[in-house]
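Subject: Structure handover

Dear colleague,

I am passing on the structure below, followed by notes on what was found in it. Please read the notes with the structure open beside you.

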Amino acid sequence: MALLVSWKLHGDGKTLAPGEVVEPDERLTWSRTAGIGAQHVIAMFGATFLVPILTGFDPSTTLFFTAIATALFLLINQNRLPSYLGSSFGFIAPIAAVTSAHKGLAVASFGILVTGVLLALVGVIVHFSGAKWIDMLMPPVVNGAVVAIIGFNLAPSAWANFKTFPITACVTLLAVVLIAVLFKGMIGRLNILLGVIVGYAFAASQGQIKWDSIKEAAWIGLPQFHTPKPDMSIVVMFLPVVLILIAENIGHVKSVALMTGRNYDGQIGSALFSDGIGTILAGIGGGSGTTTYAENIGVMAATKVYSTAAYWCAAIFAFILSLCPKFGAVINSIPTGVLGGVTTLLYGMIGMLGVRIWVENKVEFSKPINVMVAAITMIIGIANFSFTFSGISFNGIAIGSIAVLVLYHGLTAIGKATGTTYDK
């Protein structure tokens, strides 16, 4: 309980001078703090709901577990590290692979559960040993390649949805990109959410939405929980997601440290552990796996309010929304054409995040090892190479992630032994 009343009031709690910062352990008045919390919900809303929509999970259940995961994250990190834990896009591809194999969402939930367990274990290791070994295992060329194929591997899925209602898809995609360039501030940042709303309205005008489930849904009720079904043959599909979640969490911690001017290196292990616990709970109850959200970093950058109290408010708002089945039914009614339009951009953006990692870390593609490893990985992921060994199926992301690790470290070791390569 002491953690929940530990914030100091910033000034009079009502006014902020230009450029003035509200620290993580401070808050404004509760009404203003709640307002910032509502902004955080809006910021994470579009991306968090797209994941269950695209994978077949129940949106209300997913929102429920993002609220629980965020609250646990704040508790475990003792209200020092501001963050909202939303749905991770890293899970889309392996869940799609599981469902395309007709194994069902319960089996996919088992994959999410295992991913959470592994991430929590990594968090414990990092807490006691530090994070330098992660940088050694996953240098930028490796990390960028894994992130890139997570997005580009989903290109066929975007096209499959796009071509069902191509005009609706085009309207949605055009709305998303135009909102981003026509509007400044929060409106521009919410281009994906607002673009989906525009696409939904157009789809409604074309008679593409089924209203029966919305009319039948209750206003108040519990989300649709389901338990995981163990199937070890699908675990390998989810292993690359662990690498993605590690990269996302570390990137989030470093971004918050840069904005606040605080040293959060000591929080990396607890951040990973917290996200792992949140993902475990989601896997147990039928929600999608979680991750720290860059969208909410944008809210903090815009408002200069880093108060963890605002994130508690966001978690409470998300929890309340998750108890409205009619709200979830509306989200589930989004037609495939709208999804095809928005994912044409979204999946590409996930892939480009990997390219961004290469650019920001100045990866030298003049070095043969770097260019060969990246090239092989990209083709494996985009073409979705696959094979089955001893009843275990490997998709393009799993094969690509294994290949990039083995090739990079193997070729680097050989090159150093023979003197044909050099360190940067």
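Helix 3 passes helix 4 in a right-handed crossing, where right-handed means that the near helix is turned clockwise from the far one by less than a right angle, and left-handed that it is turned anticlockwise. Helices here are DSSP runs of H or I with at least four residues, strands are runs of E with at least two, and both are numbered from the N terminus. The axes of helix 3 (residues 92-100) and helix 4 (residues 105-129) cross at roughly 145° and come within 9 Å; these axes are lines fitted to C-alpha atoms over the stretch in contact, with angles between N-to-C directions running from 0 to 180 degrees. On the helix 3 side I95, V98 and T99 take part, and they meet L105, V107, A108 and I112 of helix 4, a contact being heavy atoms within 4.5 Å. Sorted by class, this contact holds six nonpolar residues, one polar and no charged, where Ala, Val, Leu, Ile, Met, Phe, Trp, Tyr, Cys and Pro count as nonpolar, Asp, Glu, Lys and Arg as charged, and the others, Gly among them, as polar.

The model is predicted, so local features need pLDDT of at least 70 and side-chain atom pairs count only at pLDDT 80 or more, while totals for chains, interfaces and linings use all residues. Residues are numbered from 1 along each chain as its sequence is written, and side-chain values use heavy atoms, with hydrogens and water left out.

A second pair is helix 2 (residues 59-76) and helix 13 (residues 268-285), which pack at an angle of about 150° with their axes 9 Å apart. They are therefore roughly antiparallel to each other, a term for angles over 145 degrees. Helix 2 also passes helix 13 in a right-handed crossing. The residues in contact include F65, L72 and F73 from helix 2, and F273, D275 and L281 from helix 13. That contact divides into 11 nonpolar, five polar and one charged residue.

In the loop between helix 6 (140-152) and helix 7 (155-162) lies N153, which is buried at a relative accessible area of 10% (buried means under 20%, with a 1.4 Å probe and protein chains only). Leaving aside residues up to four places away in sequence, N153 touches A93, G381, N384, G396 and I397. N153 and G348 are 195 residues apart in sequence, yet 9.5 Å apart in space, C-alpha to C-alpha.

For the chain as a whole, the secondary structure comes to 19 helices and six strands, and buried residues make up 54% of its 424 residues.

Best wishes

Methods: Angles under 35 degrees count as roughly parallel, over 145 as roughly antiparallel, 65 to 115 as roughly perpendicular and the rest as oblique. Buried means under 20% relative accessible area, exposed over 50%, partly exposed in between (1.4 Å probe, protein chains only).
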